Amino acid sequence: MIKVAWARERAGDPEGAESLFWRAADAGNPRGLKFLGQRLEMARDREGAEPFYRQAADAGDPDAMRGLARLRERVGDLKGAEALYGRAAAAGDPNSLSNLMMMREHAGDREDAEAIAREATDAGDTLCFEILAEMRDEAGDWESAEAIAREAADAGNILPLLQLWRSRLDGGDLEGAESAFRQAAEANGGPTPAHLARTREQAGDREGAESLALKAADAGDFYILRDLERMRDEAGDEKGLDALYRHAADAGHIRSLLGHGRWQYGLDPDGSPSSPWISE
């Protein structure tokens, strides 16, 4: 009956779908009760939705437990919401762990929030670590955010460290950005000069970016030079392009760039472009 109800819903017959959900609910099907609760919640009739969620939750439906917890949280019943999120998690709903973790974090119980994040990770879900690291970062607790992100990386998820990298870059904290990036890279096989050059370039440290890019080119990775060239070209930074070409020419890597033939034979000691080489 539930499948038929959803078919009616997809066919644009919401009244027919609702009638079938009611029939399923009357027959004691918790999914029918849950879907009626969801419909009423979406219509912002939270008071009407709660009895349906509660009946479905009492029948053991974890989604309904989470829905009921959400309603309890919205009306300020935090203790009831936490209990319901805990029940839903125990009944097999992993999303409820992240809800519970966020509630504990907002309540200032950081130790419990971290314990819940580890519990979720042990169950194969590292989303809690992502959320927790972001919450701590936004709160300005960078040291704790980085520790949480490292723990996530140890569990195989480097995304929180990359989120910190981006956050710190945007905030102008180059040293913090590089620290987060290095840790993410090490968890993923090790950082390279090319990776770090991109970080420096995005942070506005163009001299540092060039130095690292040339190291990458020395090791055979010429793509980073082209990346810097493209980024500066798109930004209309002629002075930055000139500096990049000059440093690449001095290092013997000018042919690696896309520079339309600029200084393709390098530079003379006085800084002027060299003439074409003539073989005898």
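## Where α4 meets α5

In α4, Arg46, Ala49, Glu50, Tyr53, Arg54, Ala56 and Ala57 make contact (heavy atoms within 4.5 Å) with Ala64, Met65, Gly67, Leu68, Arg70, Leu71, Arg72 and Arg74 of α5. By class, this contact holds eight nonpolar, one polar and six charged residues; here Ala, Val, Leu, Ile, Met, Phe, Trp, Tyr, Cys and Pro count as nonpolar, Asp, Glu, Lys and Arg as charged, and the others, Gly among them, as polar.

This is a predicted model, with local features needing pLDDT of at least 70, side-chain atom pairs counting only at pLDDT 80 or more, and totals for chains, interfaces and linings using all residues. Residues are numbered from 1 along each chain as its sequence is written, and side-chain values use heavy atoms, leaving out hydrogens and water.

## A look at Glu50

Glu50 belongs to α4 and is buried, at a relative accessible area of 18% (buried means under 20%, with a 1.4 Å probe and protein chains only). Beyond its neighbours within four places in sequence, Glu50 touches Leu68, Leu71 and Arg72.

## Helix α10

Ser144, Ala145, Glu146, Ile148, Ala149, Ala152 and Ala153 are the buried residues of α10, and their cover includes α8, α9, α11 and α12. Just after α10, Gly156 adopts a positive phi of about 100 degrees.

Terms used: Helix = DSSP H or I, 4+ residues; strand = E, 2+ residues; numbered from the N terminus. Buried < 20%, exposed > 50% of the residue type's maximum accessible area, 1.4 Å probe, protein only.
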